Amino acid sequence: MKKFNIRKVLDGLTAAAASSSSSSQPGQRPPDSDIVETLCSEHFQLCKTVRHGFPYQPSAMAFDPVQKILAIGTQTGSLRLFGRPGVECYCQHDSAAGVIQLQFLINEGALVSALADDTLHLWNLRQKRPAILHSLKFNKERITFCHLPFQSKWLYVGTERGNVHIVNVESFTLSGYVIMWNKAIELSSKTHPGLIVHISDNPMDEGKLLIGFESGTLVLWDLKSKKGEYRYSYDEAIHSVAWHHEGKQFVCSHSDGSLTIWNVKSPIRPAQIITPHGKLPKDGKKAEPCKPILKVEYRTCKSGDPFIIFSGGLSYDTVGRRPCLTVMHGKTTAVLEMDYPIVDFLTLCETPYPSDFQEPYAVVVLLEKDLVVVDLGQNGYPIFENPYPLDIHESPVTCCEYFADCPVDLIPALYSVGAKQKRQGYSKKEWPINGGNWGLGTQSYPEIIITGHADGSLKFWDASAITLQVLYKMKTSKVFEKSRNKEEKPNTDIVDEDPYAIQIITWCPESRMLCVAGVSAHVIVYKFSRQEVTTEAIQMLEIRLLYEINDLESPETDQIPSLGAPCQGPNSQTANSQSHPSTSSSSSDGLRDNVPCLKIRSTPLKQGAGYQAEVVIQLVWVNGEPPQQISSLAVNSSYGLLVFGNCNGIAMVDYIQKTVLLNLGTIELYGSNDPYQRQPKSPRKTRQTSGGLCDINEGSTNLDDRCKSPTSGSTSSCNSEDEQKLPNFIERAKMSRKLSLPTELKPDLDVKDNSFSRSRSSSVTSIDKESREAITALHFCETYTRKADTCTSPCLWVGTTLGTVLVIVLNLPPGGEQRLTQPVIVSPSGTILRLKGAILRIAFLDTTGSLINPAHEPWREPNVQEEKDDKDKCRKLRPVSVSPSSSQEINETQYAVICSEKQAKVISLPSQNCIYKHNITETSFVLRADIVGLNGSICLACFCANGHIMTFSLPSLRPLLDVNYLPLTDMRIARTFCFTNNGQALYLVSPTEIQRITYSQSTCENLQEMLGELFTPVETPEAPNRGFFKGLFGGGAQSLDREELFGESAAGKPSRSLAQHIPGTGGIEGVKGAASGVAGELARARIALDERGQKLSELEERTAAMLYSADTFSKHAHEMMLKCKDKKWYQF
């Protein structure tokens, strides 16, 4: 029987609906027969792949010394597991409660996590995607500390009430053996000793359990005799305890910054009291109290002094001093300063046995925003070079871009220049966390991620095969002068902080041209070079980009400057081309005027190999109004042109000749064809002319509104098409869903709206804001510009917030020497297209439905003198004159794909007929749209503010995928979400982490093979040799039969009401296996049996309670009968 496929039926229905309702030209038959669409819904499936970056808000850490695996838990309930570089894993607890402690089952491939909601979870790490095997929920007591001895299946759990419960980690059930606090302390204290802060067994005697209470009391509990053997008391609160490996001494850390060393058999007073950072008074009395020592570890060496390592304990008078880790070794004390507060630390030792010399070799220090590993084996305690991509947030990420299937020579080129930037002074040893095995990745194409940061830096990452490794770092702020002191105000009042923050990145992988736009209304063009160069003076262009509609009351063409006359670059006077910093100037009324936001560096700039600044473009102040931030950006290496726009207008720059070709307000792009009824602006003092190509009127929006754009940090791919939401985003957002930034995010990590820009001098009315039409999409291409065209020509397509698409024709001079001397001529085409909502993306298809990539120049080393043959070759590569008279006639149809916030259209060229139209969303709006390649075809991918990820076939715009994946709860997601080829996408899931996802069915199926393995079969090291005399006279470690003590036969049954067992799904590899087949049936049967067993146990408990009640009643009745047996009737 043929298998029924509902997806194919849906594909047919949606295709029929699209072809019947999408055509905008009645009677015209869309050219379905010309283009065969190969993509269908079966090619799409959405799933998360990997998460990169530092775990956000870490709270706990554990290490398996045999498997060499590190686990980190966070305050949001997530787990990150790290093995050798390239082996990482992310897990998430369903409850999202904070992780308070982690315990590995050493060399067993399992992990126990204790959460703030008083739940214990057992994770199975023997599968590529770890899952929970069992959970245990405590109902009456709160968990404060856990301890799992090496090679034991019994977990000790301390609670807030001071009791110790014991859990069998195999069945995840409670033992009937309980250590109650009142029995533990007996009469040593008249008050409750507080919650349990420490539990550990004596390294030499597993039958002796050391229990530490918060108040300062410790009890050495004899598990066999069920009583306290010794009790130790100190008048300062305890934070942690550590044993000497011989089991005769232990050390405690206290809240007054002191360490107390106790002999086990001398409980009366400590053998030694040390305050490492306290000042000793002259009279020899107790040292001055210090900050609490939060954790201490005591590690011994066979041939040397022991290590005492602790965090905290600094003197209170060290105000402003950074957090420290102190290493005491013999007579030396080393204080290691950290950049961030210490969350936890662990000492890595050669042996997992606590009864042997530990031989520590490294310390893993978990900080709030970093992970540091210190080498204890070298003088000076150098740190290891961290191979994990944990420094994504080194400066807050403001935007990012993702490129899949890049040229194969790009990653080696970036790596070679990035290798020269590596820091020195690291430990020479190999990274000690090296467990697990790499996955067998089937994806072989290069992937690159670029992140832009608040300090103006950019980082290039190799993201191939679901890994992440930094390739190259660069700082855009180097081209600007920096303030020498903090009190000196910057030259701009646009931003309060981070004036160099990156907002838009446009990169052409083929030509390696890079263009960035920053928050201070500046654009920098970079070229890639393998050679170092010293630039005497940075080329700079200043542009006055204005906007005003005072004179738009009558739509007469002579009053509105149009693009009818060619705009020639060399004759333009709209910009000041400078090779030195501009000087401030003021208008006659004292307002700041013609002043750029940032000051260009005046001294020679040494630029290392990599990306080197070619030209800097800055928008200037106009009559006291700051320039508006740039909202869209595009560059084309073949044309040698750069274009950008904002809510005032558009500017085009010839970066080869360093001239401005175009500088127009958005309204002036329409000429006399403006279809909108614009409201006049509130009157200003006088109209100021720009003194250049066109008269453009000044104005400014409120920057608070401007910078709240959900895609204000989004970036574009090569030569195209950056698109950003603009001032009216907040109004649109309110219509779809209320957006807000979580207040608990750290200000220095979170990419805040107000970190981009907060205007101090804006005075624009609400009418002005509503009337602004911003440039949101730009795309260079070679296509038909008018209906009557018979040949394609270079042009620029411009999209605006009002849903308008305008076309500007570019007439380029011939290549070679003429390109350096003759002007580029820019002229209007008169073509205007309309969509609903702001334009986000523009792309073009050829007659076969393939994507037409914008023209580009191949990369050549710019700092090497070219040979004559190479020059001739370059001239041939450059585009020839593209005037209509010399262009070749091409009568093949092209298709323009235009996507806005609300809908997408496919328009046939040159006829400009809309052949397909699809309304993407009615109640929300699209945040990001990209035309991407998948399985040898292309599609339109969209991410909406309501969380839906959708894909559509091209050119028919047939829906292929619609998944409600991620509701927009954070502006960070809107700024950083981006799609790329081969079904890949990413976004910044937290201020420190990048989440990668795939919408490709084939990638989802191959994901298991690509993921690394955490658990690898490793033999457990041999136990330490007891020696002849120790074996003869009973020395060495004493073992304990815990099963005999804690089993049900000896300890009895625990209280059912204390904790509830919850079965997990960790024994099943993958969700598919659990959902169908024998494994799924067995899993369901097991769950049902567990539930039945639990109900039977409850019934048994109730029956026992009823029997006890009946027995009690029977006893009372018998006593009454005996009392009344000899009484006469009248005695009652």
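Two strands count as paired if DSSP finds at least two bridges between them. Helices (H or I, at least four residues) and strands (E, at least two) are DSSP runs, numbered from the N terminus. With that in place, consider Ala114, which stands opposite Leu120 in β8.

Before going further, colleagues, please note that this is a predicted model, in which local features need pLDDT of at least 70 and side-chain atom pairs count only at pLDDT 80 or more, while totals for chains, interfaces and linings use all residues. Residues are numbered from 1 along each chain as its sequence is written, and side-chain values use heavy atoms, with hydrogens and water left out.

I return to the sheet. Strands β7 (residues 110-115) and β8 (residues 119-124) pair in the antiparallel sense over five bridges. They belong to an open sheet of five strands, ordered β6-β7-β8-β9-β63, with antiparallel pairing. Because β6 (99-105) and β63 (1059-1063) each have a single partner strand, they stand at the edges, and one side of each is left without a neighbour in the sheet.

My second topic is Asp201. This residue lies in strand β14 (residues 196-202). Is Asp201 buried or exposed? Its relative accessibility is 13%, so Asp201 counts as buried; the term means under 20% relative accessible area, with exposed over 50% and partly exposed in between (1.4 Å probe, protein chains only). The side chain of Asp201 makes a polar contact with the side chain of His147, at 2.9 Å. A polar contact here is a pair of N or O atoms within 3.5 Å; within protein, one must be able to donate a hydrogen and the other to accept it, and residues adjacent in sequence count only if both atoms are side-chain atoms.

Finally, the aromatic rings. Rings of Phe, Tyr and Trp (its six-membered ring) pair if their centres lie within 6.5 Å; planes under 30 degrees apart count as stacked, over 60 as edge-to-face and the rest as tilted. By this rule there are 27 aromatic pairs. In one of them, Phe460 and Trp507 have ring centres 5.7 Å apart and planes at 70 degrees, so the pair is edge-to-face. This pair links distant parts of the chain, 47 residues apart: Phe460 is in strand β31 (residues 457-462) and Trp507 in strand β33 (residues 502-508). Phe460 is buried, at 0% relative accessible area, and Trp507 also counts as buried, at 0% relative accessibility. Elsewhere, ring pairs link Phe44, Phe943, Tyr965, Phe977, Phe979, Tyr987 and Tyr999 into a cluster.
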